[in-house]
Structure formats: structure tokens, C-alpha cells
Amino acid sequence: MLFIILFAAVNVLITSSFRQKDDNSHNIEINRAKHLIIEYEKENGVAAENLSALVSFSMKSGGGESFEYIYSIVSAEAGGADKLINDNELLSEDEKTLYYKTESYIYRIDYRLTKGTRIEKLELKVRLIVNTVLGIALLIAVFTIIYYRRKLVRPFMRLAGLPEEIAKGGLVKDIPESQDKYFGKFTWGMNMLREQLEDTKAKNLQLERDKKVLLMSLSHDIKTPLNAISLYSKAISKGLYSGDKVISSAESIQDKVMEIEDYMKRIVNASNEDIIEFNVNMQDVYLNDLMERVSDYYNDKMKLKSVDFSIGSFSNKLIRTDPDRLVEVIQNIIENALKYGDGKKIWIDINEESSYLRIDIKNTGCTLAKHELANIFESFYRGTNTKKKEGSGLGLYICRRLMTLMDGEIHADIISGEGKDASDIMCITLELHS
């Protein structure tokens with residue numbers, strides 16, 4: 001439909017461009033030539049021999065105008081009309097001839113039309129070329145639409161429901177892989193995602209089973225020493241034991257307590273095992289590239305939140321780290337600053353020491369108590385400043401694990417604000433060893 005409208009509009013435009021107003025400009029020139037012929041004969045007493053003579057006469061008379069449509073004038077005596085006709089050359093379709101007779105002479109005036117066949121032929125040629133180009137463009141467009149519909153739209157429609165299916169837990173069915181250059185890698189990636197989610201789901205189920213087995217086993221194992229402690233304590237309280245028997249019972253109770261403590265250590269050790277698997281890919285990267293990623297991600301976001309955000313000056317040092325993981329660590333810390341700070345100012349200071357690079361991420365409005373600093377990097381720990389804000393307590397734990405794997409360190413400090421109304425400043429420091 002759009003191409004039909006385009007065809008019509010272009011052809012109308014071509015027609016209007018080539019359509020000249022029939023202003024009879026050639027007739028005006030013919031009338032001017034007739035007037036000059038009469039004046040020429042009156043002044044010179046003879047006929048104007050040709051167009052050049054007539055133009056020269058016009059210039060002497062102050063006219064100074066040439067002729068655009070008249071290209072030849074030939075004169076003869078009144079009885080010599082046959083000679084004019086015989087001398088007449090073969091004219092083209094847009095060239096015309098007329099004869100003008102005065103008292104003593106006759107003139108043949110050759111002229112071109114203001115709107116002639118030549119322009120009409122040019123219009124037809126232009127119309128043919130433009131319509132041919134539009135036709136080819138239409139064919140290309142139709143072919144392109146069919147191609148992309150077959151190569152992109154249809155495959156996409158087949159894959160459109162996959163994210164929802166995976167989100168609902170449909171992880172068993174393989175996604176048919178395609179060799180198509182557009183969706184081959186996508187389907188391969190979706191299959192990897194499905195397999196990873198399926199593997200994660202299986203691991204979670206296994207962890208749940210192990211957790212239940214551990215709890216059942218420990219509850220059963222703890223029950224035995226607890227019963228023994230209960231029996232010994234009842235016997236002693238009722239005076240059933242005396243002398244060495246009391247001492248022996250007390251020692252047995254102590255043994256059972258140590259046995260229970262051993263079970264508790266197992267519980268603590270199990271809870272402290274890594275709950276998330278981490279992988280790092282160490283490589284050489286310029287510090288400027290890392291900071292640009294952080295800056296590009298947060299500049300607009302901070303402006304929308306009206307937060308004063310800045311990154312201090314630094315030299316473009318080459319460091320060895322996992323760039324994606326390090327950016328992840330910095331983003332985790334900044335998100336915490338947005339969540340738990342006062343939203344006024346967040347800034348990054350970068351200092352280069354002889355053996356390491358130190359990145360300080362600071363924010364105003366810290367309300368965390370200093371005695372809690374020792375615990376903030378533990379898994380599932382949430383400080384008293386979190387209040388009702390959502391969170392898992394894993395952010396800083398993940399940061400610590402990643403920094404350790406990247407041969408770096410992370411620690412926190414609270415800097416007292418200067419001034420009467422100044423708030424404390426939270427400072428998270430990352431150290432990357434050279």
C-alpha cells in the first residue's frame with residue numbers, strides 16, 4: 001500500500017516538474033521580431049537579411065535583447081517566397097516555421113516551441129527510469145521482508161515463549177538447535193542457560209536433602225548424650241549417687257557436653273561452607289577502562305536520584321584482575337551506599353601505593369555502629385542500619401569472596417564526619433596487589 005502511494009506521488013511530482021506553463025513565450029518573441037522588421041525596413045529601406053542583422057539593430061535601438069526561441073530569420077523580395085520555401089531545412093518536431101510579409105519583402109521565421117516534444121520525451125524517459133528504480137526497490141523490499149520473516153520473525157516467534165517456560169520450571173525439554181547465523185548462538189546459549197538452571201535446581205534439591213538428613217542425624221545423635229545428661233543430673237539431684245559415683249557422673253556429664261559441642265561445631269562448619277560458587281578470569285586490564293564502565297553505568301542514574309557522584313583522578317595503570325568481577329564488586333558496594341546512605345554524596349578515591357592499588361568507595365549518611373564492622377562481610381549478616389529495607393545479607397560476603405579469589409582484600413571503616421551537623425562516612429576499601 002505504501003509503495004502504491006509512493007508510485008503515485010512520484011509520478012505526480014514528475015508530471016508537475018515537467019509541466020511548463022503555456023505562456024506563449026515564442027509568440028511574444030515572434031511579435032517582437034515582426035515589430036523590429038518593420039522598424040528595420042522603415043529606417044534602412046531594405047529587408048533585414050538575417051536574425052543577426054535584426055539583433056544588431058535591436059541593440060543599436062537600445063533594446064539589447066536576444067531571442068531565445070527564434071533561431072533563424074531569412075528574407076526575400078515579395079515575389080521570392082518559393083526560394084524561402086525551397087531553402088527551408090528539415091525541422092524537428094518541436095521546431096516550427098511561419099512566413100511574415102511586409103509591403104516589399106517576405107520573411108521566413110524559424111522558431112522553437114516553449115513546450116515541445118523534446119521535453120515530453122525527456123519526461124517519458126525520466127518517468128521510465130524512476131518507475132523502474134521504484135519497481136526494483138519494491139522487489140528488493142518484498143524479498144527482504146520475506147527473507148527476514150523467514151530467517152528472523154518465524155524463528156523468534158518459535159522462541160518467544162521459552163523464557164516464560166523456563167521461568168515456570170520447564171527445564172527438561174531441549175531447545176532445538178539451529179545452524180542459522182542469527183539464532184544459532186541464541187538457541188545454544190538458551191540451552192546452556194536451561195542446563196545450568198536445571199543443574200542448579202538439582203543441586204538445590206540435593207542441598208535440601210542433605211540439610212534434612214544432617215538435621216535428622218544431628219537431632220538423633222544429640223538426643224543420646226542429652227538423655228544421658230538428664231539421667232545423671234536427676235540421679236545426683238535425688239541423692240542416688242554419693243562419693244566417687246558423683247564425681248564419675250559429673251565426668252560423664254562433661255564428656256556428653258563435649259560430645260554435644262562437637263555436634264554444634266559440625267553444624268557451624270556446615271553453615272560456613274561456601275553457599276555460592278565463584279569463578280574468576282584474571283587478565284591484564286587498564287584501570288581507566290574499568291572506571292569508565294562504572295561511570296557510564298552510574299552517571300545518569302545518580303543524576304536522576306540527585307546524588308553527588310564522582311570518581312577521583314588516577315593514572316591509567318595496567319592491573320591484573322577479573323574486570324567483570326571487579327566491576328561487580330564496585331557496583332555491589334555502590335548499591336549498598338545508595339540503599340543505606342543518606343543519598344547525598346557517593347564518591348570513589350583511587351590511591352596508588354608501591355605494592356598495591358587502593359580503591360576507596362565512600363558515602364555519607366552512615367548509621368552503622370562501629371562494633372558491627374567485623375561482621376558485615378559474613379554471609380546473611382544484616383546490620384542494625386538495614387531496618388526494614390530488603391536484602392539477603394550476601395552482597396558484602398560475595399564481595400569478600402571475589403576479592404580473595406582475585407588476590408585482593410576488602411575491609412570497611414567508619415569515618416567521623418567533620419562539623420556539627422556532619423554525618424559519619426562509610427568507607428569500603430578494595431586493595432589490589434600489584
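**Entry 1: ground rules.** I am working with a predicted model, where local features need pLDDT of at least 70, side-chain atom pairs count only at pLDDT 80 or more, and totals for chains, interfaces and linings use all residues. Residues are numbered from 1 along each chain as its sequence is written, and side-chain values use heavy atoms, with hydrogens and water left out.

**Entry 2: salt bridges.** Side chains of opposite charge can pair when their charged atoms come close. I took a salt bridge to be a side-chain nitrogen of Lys or Arg within 4 Å of a carboxyl oxygen of Asp or Glu. How many salt bridges does a search of the whole structure find? It finds eight.

**Entry 3: K301 and E335.** K301 forms a salt bridge with E335, and their closest N and O atoms are 2.9 Å apart. K301 lies in helix α9 and E335 in helix α10 (residues 323-340), so this pair ties together parts that are 34 residues apart in sequence. I read helices (H or I, at least four residues) and strands (E, at least two) as DSSP runs, numbered from the N terminus. For cover, buried means under 20% relative accessible area, exposed over 50%, and partly exposed in between (1.4 Å probe, protein chains only). K301 counts as partly exposed at 25%. E335 counts as partly exposed at 29%.

**Entry 4: K362 and D349.** Next I checked K362, which forms a salt bridge with D349; the closest N and O atoms are 3.3 Å apart. K362 lies in strand β8 (residues 356-366) and D349 in strand β7 (residues 345-352), so the pair ties together parts 13 residues apart in sequence. Is K362 buried or exposed? K362 is buried, at 16%. D349 is partly exposed, at 25%.

**Entry 5: E378 and R400.** E378 forms a salt bridge with R400, with 3.5 Å between the closest N and O atoms. E378 lies in the loop between β8 and α11 (395-405), and R400 lies in helix α11, so the pair ties together parts 22 residues apart in sequence. E378 is partly exposed at 34%, and R400 is partly exposed at 28%.

**Entry 6: a negative patch.** Which residues form a negative surface patch? I found D289, E292, D296 and D300. A patch here is made of residues with over 30% relative accessible area and no salt bridge, like charges being joined within 9 Å. Asp and Glu count as negative. D296 is found in helix α9 (residues 287-304). D296 counts as exposed, at 61% relative accessibility.

Conventions: Patches are made of residues with over 30% relative accessible area and no salt bridge: like charges are joined within 9 Å, nonpolar side chains (Val, Leu, Ile, Met, Phe, Trp, Tyr) within 5 Å. Accessible areas come from the Shrake-Rupley method with a 1.4 Å probe; for residues, only the protein chains shown count as cover. The place of a charge is taken as NZ of Lys, CZ of Arg, CG of Asp or CD of Glu.
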